Amino acid sequence: MMSIRNTLFLAFCMTGLMLISTIAGANVQPTAVAATDAKAVDKTAPAPDTSNDTKQEKKDSTADHSKFKELQRDFASGPEVTKACLECHTEAAKQVQHTKHWTWEYINPTTKQKLGKKNVINNFCTSVTSNQTFCSACHVGYGWSDDSFDFTKEENVDCVVCHDTTGKYKKLPGLSGHPNYESMEWPPHSGKFRDATDLTKIAQNVGKTSRQTCGGCHFYGGGGNAVKHGDLDNSLVDPGHYLDVHMETEGLNFSCGKCHLSDSHEVTGSRYAPTAVDTKGVLMRGKADGRNPTTCQACHGDRPHKPEHPKLNEHTDKIACQTCHIPEYARGPVATKMTWDWSTAGKLDDKGHRVQVRGSDGRVTYDSKKGDFTYDRYVIPEYVWFNGDIKYTLFGDKVKGKDLVKINEFQGTPGSPDSRIWPIKTFRGKQPYDVGNDTLAIFHTAGKDDSAYWGNYDWEKAIKFGMEAAGMPFSGEYKFVNTEMSWPITHMVAPKADALSCQQCHTKGGRLEGIEGVYIPGRDANPWIDKLGLLIALLALIGVAIHGGIRIYMSKRGE
Amino acid sequence: MGERIYIFKRFERFWHWTQAFLIMFMMLTGFEVHGLYSLFGFEDAVAYHTFAAWALITLWVFAIFWHFTTGEWKQYIPTMDKVDAMMKYYLTGIFTHAEHPFRQTTLTKHNPLQRLAYLGVKLMINPLIWFTGLLYLFYSSWDSWGLSWLSLEWIATFHVIGAFMMLIFFIAHIYLATAGHTPTSHIKAMITGWEETD
């Protein structure tokens with residue numbers, strides 16, 4: 001109602017002006033409107049709040065873990081540290097064991113698809129099965145190397161991977177979720193050595209989770225910094241205002257947990273069950289309605305723009321906040337991986353050694369182990385209608401006759417109230433599938449055995465091993481198929497001055513060119529009405545020109 | 001030089017020219033919003049268009065009040081009398097400096113074709129534009145008004161149809177302004193209020 005009143009008031013002022021200055025008064029209006037330009041830069045930076053700063057962690061805490069007798073000893077392994085943790089935090093491991101971080105499993109309640117890291121196949125390193133020794137470097141546990149792993153054993157839970165504050169704790173691929181307990185050459189064949197992990201120091205310095213601990217896995221998904229998500233990379237450890245208005249170190253300084261509120265170790269905001277539409281307004285503390293607290297709306301409500309810009313609020317029934325407020329992804333210094341072609345892997349040099357080709361920015365663009373990659377920064381997202389459901393192509397799903405296999409597909413109905421237009425990263429790949437059985441292939445990448453592709457570059461052996469580990473048949477024949485995987489873009493929220501301008505969508509060939517289900521002024525028009533209208537207007541012009549021409553000619557002749 | 005009569009009073013002239021400016025400005029911004037060209041940028045074009053709309057609505061409130069209190073609305077009562085003579089004049093007479101078939105008075109200041117055209121604008125083009133325009137503007141309130149069945153595409157399309165009709169009227173109107181007793185007599189009258197009638 002505010003908006004209508006304002007507009008009416010302005011209209012009356014306008015009329016007043018016109019009455020005084022007649023036509024000239026009308027020139028006033030552009031300035032009057034321009035003064036409320038949505039793009040005005042807000043220079044009032046919020047006061048720095050350092051309460052979440054990891055450096056302050058110890059001061060915030062009421063417990064100094066270095067004073068605990070239980071931790072004043074040597075630890076031979078991670079599980080020993082966990083046992084010490086559990087002496088006081090008796091329920092912690094049980095809690096963790098209920099979470100996706102532990103089970104790597106999630107059943108989608110709508111589609112009933114069995115998801116989670118353990119079950120899905122992606123188009124990066126493709127699948128965990130048969131590669132646990134390496135993949136479990138990002139598992140909150142110790143010792144998961146194959147199916148015999150005991151998911152019920154409490155000391156198998158890794159507490160410190162999330163609660164370390166020293167930055168010295170690192171689980172290395174190949175060690176089945178353990179850090180190195182001895183001095184070890186790392187990266188392999190680099191000639192550099194990592195000291196044995198000082199578990200005592202780490203245990204005595206545990207604290208809250210932080211960007212560093214969450215980011216230890218989530219920034220490096222897909223095998224390296226910034227590879228997988230596009231909106232998560234290690235530049236978020238210390239971002240400026242431009243990169244992320246919420247996490248800006250000198251500004252709001254949000255930790256991950258500020259949005260991903262957790263209870264009983266259950267971290268909210270899973271990509272497996274996203275909330276695409278949130279119309280419930282600001283989330284009240286204590287209100288136990290099972291809402292996802294990570295949505296923008298949980299803090300900002302669903303009409304977050306100032307009343308001077310009523311039209312912006314009116315967009316929230318069709319558009320996710322992220323669409324305008326994350327104009328590009330990979331807006332940090334690090335490019336994200338855009339494509340991965342496994343089919344070119346295996347080319348070796350004359351001596352039969354692995355080859356790596358690097359691009360001008362030093363990043364690997366070809367690796368014998370993995371194939372060809374491309375990277376990009378400041379990437380314009382693709383846009384889709386999304387209702388929160390994601391359908392996956394899982395092990396065993398038929399891929400026959402498809403030129404393109406969609407690893408996952410965001411569901412949504414154009415124009416429907418249950419869907420919003422969302423920005424996504426689409427990651428394109430090419431990966432092996434089993435021609436005979438018509439399913440995506442699971443292959444064994446890493447390991448010291450002679451079937452691992454990264455050891456002997458033999459696809460047939462690698463796939464045979466992988467399929468066997470998954471309990472799937474392998475026909476013996478494989479080919480490569482193009483794949484696409486979608487990722488929601490939701491981090492790296494830009495300052496409002498950098499949000500999309502109206503015209504970036506309200507134009508022909510704009511950001512939302514391919515989006516159906518909405519009439520977008522400036523993009524859409526009835527072509528027949530436009531043609532007919534312009535044609536008649538043109539004919540009228542020609543008509544009056546001829547009529548006037550004859551009048552001038554006749555009156556000249558008459559003189 | 002013939003006689004002069006005072007046909008357009010001060011408020012009427014103010015109304016006409018303010019409306020003329022606003023309509024031209026709204027066509028300029030409106031067709032930009034429609035995507036035909038880029039001038040102010042979409043965001044500003046929408047803001048200007050909306051602002052001008054409210055200004056024009058306000059002006060119209062005054063103009064309607066004026067029409068009814070002064071009885072000037074009667075100037076638009078349609079008549080077929082002399083329509084054929086006017087048509088004939090525009091098609092032939094005007095070229096040969098024939099006598100203008102219509103003589104203005106303060107009670108009948110518009111010729112029968114003008115009456116019909118302006119009535120068409122007031123009863124067809126304007127209502128179409130205002131009706132669709134206001135719905136367009138309050139698009140987000142449709143649900144609460146029980147109008148969720150409306151389609152923005154249709155509202156926008158009819159708004160554009162109204163706009164094209166206005167554009168075509170505008171072209172003809174500008175030209176026919178030169179088709180009075182002398183090429184400038186109508187225009188002068190609209191500025192000073194005084195029309196030369198031969």
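How many residues of chain A are in contact with chain B, and how many of chain B with chain A? I looked that up before anything else, keeping in mind that this is a predicted model.

**Entry 1: where the chains meet**

I get 41 residues on chain A in contact with 37 on chain B. On the chain A side, the elements that put in two or more residues are α1 (2-21), α2 (29-34) and α17 (527-558). The biggest giver there is α17(A), with 12 residues. Sorting that side of chain A by class, I find 23 nonpolar, 13 polar and 5 charged residues.

I checked confidence next. Chain A has a mean pLDDT of 89, and 89% of its residues reach 70 or more.

**Entry 2: α17(A) against chain B**

Which way does α17(A) run relative to α5 (residues 152-176) of chain B? Their axes are 9 Å apart, at an angle of about 5 degrees. Angles under 35 degrees count as roughly parallel, so α17(A) is roughly parallel to α5(B).

I listed who makes the contact. From α17(A) the residues are A:I529, A:G533, A:I536, A:A537, A:A540, A:L541, A:V544 and A:G548. I noted the general rule that an α-helix has 3.6 residues a turn, so residues three or four places apart point the same way. The α5(B) side includes B:V160, B:F164, B:L167, B:I171 and B:Y175. By class, the residues of this contact come to 14 nonpolar, 3 polar and no charged.

**Entry 3: helix pairs inside chain B**

I stayed with α5(B) and looked at its pairing with α4 (residues 112-137) of chain B. Their axes come within 9 Å and cross at roughly 145 degrees, and the crossing is left-handed. Among the α4(B) residues in the contact are B:V121, B:I125, B:L128 and B:I129, facing a set on α5(B) that includes B:H159, B:G162, B:M166 and B:F169.

The angle is about 155 degrees, with the axes 9 Å apart. Over 145 degrees counts as roughly antiparallel, so that is what α1(B) is to α2(B). The crossing of α1(B) with α2(B) is left-handed. Contact residues include B:F11, B:W15, B:L22 and B:F25 on α1(B), and B:F42, B:Y48, B:L56 and B:W66 on α2(B). By class, the contact of α1(B) with α2(B) has 17 nonpolar, 5 polar and 1 charged.

**Entry 4: the rest of chain A**

Back to chain A for an overview. I have 17 helices and 17 strands, and 36% of the 559 residues are buried. Of the contacts between residues at least 6 apart in sequence, 66% join residues at least 24 apart.

I also looked at α10 (211-218) of chain A. Its buried residues are A:R211, A:T213 and A:G216, and what covers them includes α8 (160-163) and α11 of chain A.

Is A:N253 buried or exposed? This residue sits in the loop between α10 and α11 of chain A and has a positive phi of about 55 degrees without being a glycine. I call A:N253 buried because 21 other C-beta atoms lie within 10 Å, and the cut-off is 20 or more.

A:S255 is in that loop between α10 and α11 too, and is buried with 21 other C-beta atoms within 10 Å. From A:S255 to A:V237 I read 9.2 Å, C-alpha to C-alpha, for a sequence separation of 18 residues.

A:M492 is another non-glycine with a positive phi, about 60 degrees. I place A:M492 in the loop between β17 (478-488) and α17 of chain A, buried with 28 other C-beta atoms within 10 Å.

Last item: a cis peptide bond joins A:W186 and A:P187, with omega about -5 degrees. A:P187 is in the loop between β3 (184-185) and β4 (193-194) of chain A.

How values were computed
Residues are numbered from 1 along each chain as its sequence is written. Chains are lettered from A and ligands numbered from 1 in the order in which they are written. This is a predicted model: local features need pLDDT of at least 70, side-chain atom pairs count only at pLDDT 80 or more; totals for chains, interfaces and linings use all residues. Helices (H or I, at least four residues) and strands (E, at least two) are DSSP runs, numbered from the N terminus. A residue is buried if 20 or more other C-beta atoms lie within 10 Å of its own, exposed if 12 or fewer, and partly exposed in between; C-beta atoms are placed from the backbone. Two residues are in contact if their C-beta atoms, placed from the backbone, lie within 7 Å. Ala, Val, Leu, Ile, Met, Phe, Trp, Tyr, Cys and Pro count as nonpolar, Asp, Glu, Lys and Arg as charged, and the others, Gly among them, as polar. pLDDT is the predictor's confidence in each residue, from 0 to 100. Axes are lines fitted to C-alpha atoms, for helices over the stretch in contact, and angles run from 0 to 180 degrees between N-to-C directions. Angles under 35 degrees count as roughly parallel, over 145 as roughly antiparallel, 65 to 115 as roughly perpendicular and the rest as oblique. A crossing is left-handed if the near helix is turned anticlockwise from the far one by less than a right angle, and right-handed if clockwise.
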